[in-house]
Amino acid sequence: MVLTPEQRIQLHGFNNLTKSLSFNMYDVCYTKTREEREAYIEYIDEQYNADRLTKILKNVTDIIGAHVLNIAKQDYVPQGSSVTILVSEGPVVEVPTESYDESPGPLPEAVTMGLDKSHITVHTYPEYHPNEGISTFRADIDVSTCGEISPLKALNYLIHSFDTDIMTMDYRVRGFTRDINGDKLFIDHDISSIQNYIPDEVKEDFDMIDVNIYQENIFHTKCKLKKFDLNNYLFGYTKDKISKEEQEQITDKLTKEMDEIFYGKNIK
């Protein structure tokens, strides 16, 4: 019989490890004119307004089996939105044996996880290049849990909630809990990579890089979409409406923008 971590290790009191997932996504678009840029920003603000972001975060709370205590949300002027949800332990329908496995979490059809105290936040940042016709949309989501379940189980749903060209993900475990002998436990589940929580069909679409510090329980993964179709980056028209030369120029600008975001540096 395979024992669960709780059966293998008896804890003294509550599991108070803090587990934090930061999920950061980027959408890149070419907006040649001021009118296109303004229309793109308006579209993003409508697609990812505070009300829709609240629904996304509520689904995250369902996935981790939490009870919503408080919601604060705001749409900003001229652009951007924020939502913060404080949650506590909620009714748990079932705690599956795979809770501790490195595997993708569920989509929000099933409530499966439990935790004690947590918060979930999202902030959006639409912006544009002053000269190059590039507009970007960034969303930062943080899921912090205290207790047994890892917020990585919400990652699958978050990935499917946004159309993204680039993703960066950070996961870290902080603090400690004690076993019945008083020995400290600094992590309560095995993990070798955040990638193990991402479905195979998603990983096939992205180039991925890991930077992990195992002894510090710090894990980092970043992803960039492999396939490039210019039609997905033009706002309001398709590439057959512009010349081959302009298609190449726009493609160069977009790929440079995505490479700079992915590698975290300006490329001359």
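1. Surface. The chain has an accessible surface of about 14,100 Å² (Shrake-Rupley method, 1.4 Å probe; for residues, only the protein chains shown count as cover). Carbon and sulfur atoms hold 48% of that surface.

2. Basis. This is a predicted model, in which local features need pLDDT of at least 70, side-chain atom pairs count only at pLDDT 80 or more, and totals for chains, interfaces and linings use all residues. Residues are numbered from 1 along each chain as its sequence is written, and side-chain values use heavy atoms, with hydrogens and water left out.

3. Overall fold. There are 6 helices and 10 strands in the chain (DSSP runs numbered from the N terminus: helices are H or I, at least four residues; strands are E, at least two). Of the 268 residues, 46% are buried (under 20% relative accessible area, 1.4 Å probe, protein chains only). Take the contacts between residues at least 6 apart in sequence: 71% of them join residues at least 24 apart (contact means heavy atoms within 4.5 Å).

4. Main core. The largest nonpolar core has 45 residues (buried Ala, Val, Leu, Ile, Met, Phe, Trp, Tyr and Cys residues joined through side-chain atoms within 4.5 Å). Phe23, Leu155 and Phe162 touch the most other members. Helix α3 (residues 50–63) supplies the largest share of this core, 6 residues. Leaving out residues up to four places away in sequence, Leu155 touches Leu21, Phe23, Met169, Ile194, Tyr197 and Ile198.

5. Another core, of 13 residues, lies apart from the largest one. Its members include Tyr30, Ile166, Leu234 and Ile250.

6. Helix α6. Gly264 follows α6, with a positive phi near 70°.

7. Helix α2. The 14 residues of α2 (residues 34–47) reach 20 Å from first C-alpha to last, close to the expected 20 Å. Glu36, Tyr40, Ile41, Ile44 and Asp45 are its buried residues.

8. Cysteines. The structure holds 0 disulfides (pairs of cysteine sulfur atoms within 2.5 Å). Cys29 is buried because its relative accessible area is 5%. Cys223 also counts as buried, at 0%.

How values were computed. Buried means under 20% relative accessible area, exposed over 50%, partly exposed in between (1.4 Å probe, protein chains only). The expected span of a helix is 1.5 Å times one less than its number of residues.
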